[in-house]
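Let's take a walk through this structure together. Keep the picture at hand as you read.

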Amino acid sequence: MINISNLIRDLELVREKSPLIHNITNYVVMNNTANGLLAVGASPVMAHSLEEVADMASIASALVINIGTLEPEWVKAMLIAGKTALEKGTPIVFDPVGAGATPYRTNVCKQIIEECKPSVIRGNASEIMALCNAGIQTKGVDSTDSSDSALESAKTLARKTNAVVVISGQTDYITDGDNVRTVKNGNPMMARVTGMGCTATAVVAAFTAVNPDLLEAATHGMAIMSIAGEIAAHRSSGNGSLQVNFLDELYNLNGDTIKANIKL
């Protein structure tokens, strides 16, 4: 069950503290991710150069590692930043985009998990299942499975990695391996906007920067994302207008709106 008072508190803390969120993310979503973080009140920085990732990770309040557009130099940068954040005790939120699509992509995911020990792993159902079962193959970066079907895999992955695992889907599931939280807001149109999941990863990172309870922080990040997306979808005629309306709703979200729209 989501504690609404704590959810509102964390949103206010993000806006008050404006935590610096270091993103090593993919070309497709950089603009979406940066605007999403700004809308929720955080401060985004996109830095992936080998020469600066350690320095940037050392001053950030949270680190996002997103493997959407993989290439070897970026993998090196991700590992350097991840190990720096790990040493400093900075939350790391990992998005295993397309895990299971190719052996290279899956192996990179496993290397990042093993060496950087992310605090939170957020993916769609197929990605989470692929990280637990080498026989699962995804359809590019899209999920071919429901979030319900991935819950046991998420619990297993959480116990194996000591990370909070988030499955995005019609119902979002958040688990530490023992406890499970659900977020039931959202709208199917959100899946038609590229980078919406990657934005969710970044928003979760902003909440881990202000709340050390990672299960609660990840749940709150997904709730804020889903509530804003659901409201925006009702105001949108298609996925083009949804992108703009989503940022507006995220920016304008407040306690009253949360109380009126959250599905418990």
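**A pair of rings**

Tyr 27 is exposed, at a relative accessible area of 57% (exposed means over 50%, buried under 20%, partly exposed in between, with a 1.4 Å probe and protein chains only). Trp 74, on the other hand, is buried at 5%. Before going on: this is a predicted model, where local features need pLDDT of at least 70, side-chain atom pairs count only at pLDDT 80 or more, and totals for chains, interfaces and linings use all residues. Residues are numbered from 1 along each chain as its sequence is written, and side-chain values use heavy atoms, leaving out hydrogens and water.

How many aromatic pairs does a search of the whole structure find? It finds one. Tyr 27 and Trp 74 form this tilted pair, 5.0 Å centre to centre with 50° between the planes. (Rings of Phe, Tyr and Trp, using its six-membered ring, pair if their centres lie within 6.5 Å; planes under 30 degrees apart are stacked, over 60 edge-to-face, and the rest tilted.)

Now for the cysteines. The whole structure has zero disulfides, a disulfide being two cysteine sulfur atoms within 2.5 Å. Cys 116 is in none, and the nearest cysteine sulfur, in Cys 109, is 12 Å away. Cys 116 is buried, at 0% relative accessible area. The sulfur of Cys 132 also has Cys 109 as its closest cysteine, at 12 Å, which is too far for a bond. Cys 132 is partly exposed, at 35%.

Last stop: Asp 172. Its side chain joins that of Ser 226 through a polar contact of 3.1 Å (N or O atoms within 3.5 Å; within protein, one must be able to donate a hydrogen and the other to accept it, and residues adjacent in sequence count only if both atoms are side-chain atoms).
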